[in-house]
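Open the model in your viewer and keep the selection tool at hand. The tour goes from one selection to the next and says what is there.

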Amino acid sequence: MEIIGARDDGDTASKSCSSEISDTVTVLYGSQTGSAKKLAFQFANELLEKYKKKVFVDAMDNFDLSSIVDSPQLTTIVFFVSSYGEGEQCDNASKTFSYLSKLCSENSHHLKNLHYGLFGLGNTAYDIYQGASRDLKNCLSQLGSTLLGSYGEGNDEKGELVEDYLQWKNQFMPTLAEHLRWKPSKENTYKPSIFISEVSPRTHANGEIVSSLRDLNFLDKPPYHIAKPFNARLINSQKFTDGQRCQFHCEISLEGSRLKYQTGDHLGVYPINREEDVSKFMFLFCLRQKAEQVVQLRSTLPLWIPSPTTYKAIVKHYLNINSAISSQMLQTLANFAPSDKSKDRLLRLSSRDLFTKEVVERRLTMWEVLLEASDGNPWPDVPFSFLLESLGKLEPRYYSIASSELLYPDQAHLTIKCERELVKGKIFYGVCSNYIESICFREADQAGRLRDWQTVPIFVRKSSFKPPLNGDRPMIMVCVGTGIAPFRGFVQHRIAMSAAHNVGKMILFYGCRDKSDILYPNEWPKYSTALESKLSVHFALSREDPARKQYVQDIILQLSKDIHELLEQGAYFYVCGDAMKLSNMSKLVRQILVQRKGISEEEAATTLKQFKLNGRYQEDLW
Ligand SMILES: Cc1cc2nc3c(=O)[nH]c(=O)nc-3n(C[C@H](O)[C@H](O)[C@H](O)COP(=O)(O)OP(=O)(O)OC[C@H]3O[C@@H](n4cnc5c(N)ncnc54)[C@H](O)[C@@H]3O)c2cc1C
Ligand SMILES: Cc1cc2nc3c(=O)[nH]c(=O)nc-3n(C[C@H](O)[C@H](O)[C@H](O)COP(=O)(O)O)c2cc1C
């Protein structure tokens, strides 16, 4: 459990608390991809800043809820809960929720001394909106717990999750403080938690300046992992489609890294911010003149930037300079505005309606908003520490490995779609996918060959998305777009196995826009031949013929008899790709079970649950 800050025992507010109310707050999150976790930490940090109190933050499943069951002590917990799957709990909250559900069946107020706040994260594009947070709320209410303030919901569909959170938080935080009888600390000015000192390159002990991941000395030796990535050489790449819908294949050498992967694992890639964005950011915050200035960083919190380093290295390699901005950040930044006019503009922009229209819908980054507000003039007064604290770390991105270690033990293949979207007349470029594309294609020599120094910092992340251990089990694979990546690996895996064993049947349902959108078009017939027709591939083309739009779901229903037969033979069912497009797959499987097996909805749900438990139904969605 992470502790944010330290309790000030001399604080009068804590002394005046009722002896029954615990003076600490626990913030728990259920988060699959990190949004709920980020908000939980943001909330805890703000509590610490405002009230100077100790706050515990952790994933729900790391907290022992049984310790507060039937406890006479009043406990306060604030939950941040994301929905996943079909309105279900995230992996790091499911154990806790099962435990609470069991408690509920005892029909007793086991948690009557729990006071809680709840903010749910979800997306209205999914069938069961906010399933996880609403289930938790019902469960806690049955257990006699008291909801503090109002229950909050954030909707990810229109990119306004953070604004929904801020609206809820602005009402909830004072309610929570009143409940705990906390008084806000009087100091309310910006106080840095990261301290930066500019030093001469000669003053530090070993004389080494960390200017990028590529320069880190310790990267030279294995073992490599998320905190110590390997600088891997790109060895081959190939474009499938270009322009705004750019999709490509690339091969990365693992030689010399001792990195091992298994079919279905993910490759983590650390991106580098675009030179164009770095340059504008450096200009805006007057960092160009001191780009190579060596700085040393200190903080009471764990630091994610190596030190000593340079301003340029931080902006280029470590800082999420393109992260979305919140209206709350605009209000703080207004204090550092270069003119009254810019300040007024920022404050006006921070109202909810204008913020949605002018910032969220145009998908502006912090530096773009500030540049517009000052008519292109720099903002010299924004503390660099504030930028580090509010923009956060440039996180690695994950890609499903598109090869099998049985065929390519020293290479990891990736299938990447560049994130390029036309937003209000401007192309939005995703950081990592476009970075890899630029390394693969723009830095190649005239003959299109990759050069030795074309490298990317990578690591391997284990995944549970795995082909069956037993090679003769049938496999049903469903994907859209780059979701094809792990299935290329699965098929290669079976080809390698088929040299010595009989392998089971494989059906691949592959959703693309049209024929030109099919990735690895020349490989599928070869794989079918190599597997002596054990592999059948069904393409669902949604835009080939406007009169006949086909989606993977349509073809699966057409072939539901075959699918059911394979499931009866012990087939494994896999789903991979865009979460939104494939969110109804488990519903479809239940539907097939009801229709073909002749069982009830409830029985189908139990069967599918069993499939999930023993790995026979697996999803890898993003
Ligand atoms: C397990 C897993 C496997 C994956 N496998 C693959 C794969 O095989 N192939 C593949 O192509 N991808 C895969 N992905 C997706 C991949 O990890 C990246 O998410 C993808 O490449 C986009 O990253 P990016 O850095 O290019 O875009 P980012 O810069 O991260 O942008 C992505 C999105 O974030 C939002 N965003 C970013 N900045 C802002 C802002 N300022 N304001 C508002 N919104 C913003 C936007 O919605 C944007 O479209 C996988 C993801 C996961 C989790
Ligand atoms: C695979 C997947 C399934 C999802 N299922 C649901 C759902 O059933 N209901 C819902 O309201 N939101 C659903 N969402 C949306 C997430 O809850 C939402 O994007 C949230 O902000 C993610 O938070 P996290 O990063 O903490 O996991 C789903 C998202 C993904 C990627």
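**Before you start**

This is a predicted model, in which local features need pLDDT of at least 70, side-chain atom pairs count only at pLDDT 80 or more, and totals for chains, interfaces and linings use all residues. Residues are numbered from 1 along each chain as its sequence is written, chains are lettered from A and ligands numbered from 1 in the order in which they are written, and side-chain values use heavy atoms, with hydrogens and water left out.

**Stop 1: ligand 2**

Select ligand 2 and the residues around it. There are 23 of these, and the closest are Ser31, Thr33, Ser35, Ser83 and Gly87. A residue is near a molecule or strand if one of its heavy atoms lies within 4 Å of it.

Next, show the polar contacts. A polar contact is a pair of N or O atoms within 3.5 Å; within protein, one must be able to donate a hydrogen and the other to accept it, and residues adjacent in sequence count only if both atoms are side-chain atoms. Start at alanine 36, where a polar backbone atom is 2.8 Å from an oxygen atom of ligand 2. At asparagine 123, a backbone N or O atom lies 3.0 Å from an oxygen atom of the ligand. At glutamine 130, a polar backbone atom is 2.8 Å from an oxygen atom of ligand 2.

How much of ligand 2 does the protein bury? Taken alone, ligand 2 exposes 650 Å², and the protein buries 94% of that. Accessible areas come from the Shrake-Rupley method with a 1.4 Å probe; for residues, only the protein chains shown count as cover.

Now colour the shell by element. α2 (35-51), β4 (75-84) and β6 (114-122) are the elements that give two or more residues to the shell around ligand 2. The largest share, three residues, comes from β4. Helices (H or I, at least four residues) and strands (E, at least two) are DSSP runs, numbered from the N terminus.

Colour the shell by class as well: nine residues are nonpolar, twelve polar and two charged. Ala, Val, Leu, Ile, Met, Phe, Trp, Tyr, Cys and Pro count as nonpolar, Asp, Glu, Lys and Arg as charged, and the others, Gly among them, as polar.

**Stop 2: the sheet of three strands**

Select β9, β13 and β14. They form an open sheet in the order β9-β13-β14, with antiparallel pairing. β9 (194-199) and β14 (309-310) stand at the edges with a single partner strand each, so one side of each is left without a neighbour in the sheet. Two strands pair if DSSP finds at least two bridges between them. Six bridges pair β9 with β13 (residues 294-299) in the antiparallel sense. One place to look is valine 199, which stands opposite valine 294 in β13.

**Stop 3: ligand 1**

Move to ligand 1. Of the 24 residues around ligand 1, those that come nearest are Tyr398, Tyr399, Glu419, Cys432 and Ser433. A polar side-chain atom of tyrosine 399 lies 2.8 Å from an oxygen atom of ligand 1. In the side chain of glutamate 419, an N or O atom is 2.6 Å from an oxygen atom of the ligand. Valine 431 uses its backbone: an N or O atom there lies 3.0 Å from an oxygen atom of ligand 1.

Taken alone, ligand 1 exposes 970 Å², of which the protein buries 77%. Which element gives the most to the shell around ligand 1? β15 does, with four residues. By class, the shell has nine nonpolar, nine polar and six charged residues.

**Stop 4: the sheet of six strands**

Stay on β15 and select the rest of its sheet. The sheet is open and antiparallel, in the order β15-β12-β19-β10-β11-β16. β15 and β16 are the edge strands, and each pairs on one side only. Four bridges join β15 to strand β12 (residues 266-269). Tyrosine 399 in β15 is the bridge partner of leucine 267.

**Stop 5: backbone details**

Most residues other than glycine have a negative phi, and most peptide bonds are trans. Select proline 222 and proline 223: a cis peptide bond joins them, with omega about 5 degrees. Proline 223 is in the loop between β9 and β10 (230-241). Serine 307 and proline 308 are also joined by a cis peptide bond, with omega about 0 degrees. The loop between β13 and β14 holds proline 308.

End at arginine 181, which has a positive phi of about 60 degrees although it is not a glycine. Arginine 181 lies in the loop between α5 (161-180) and β9.
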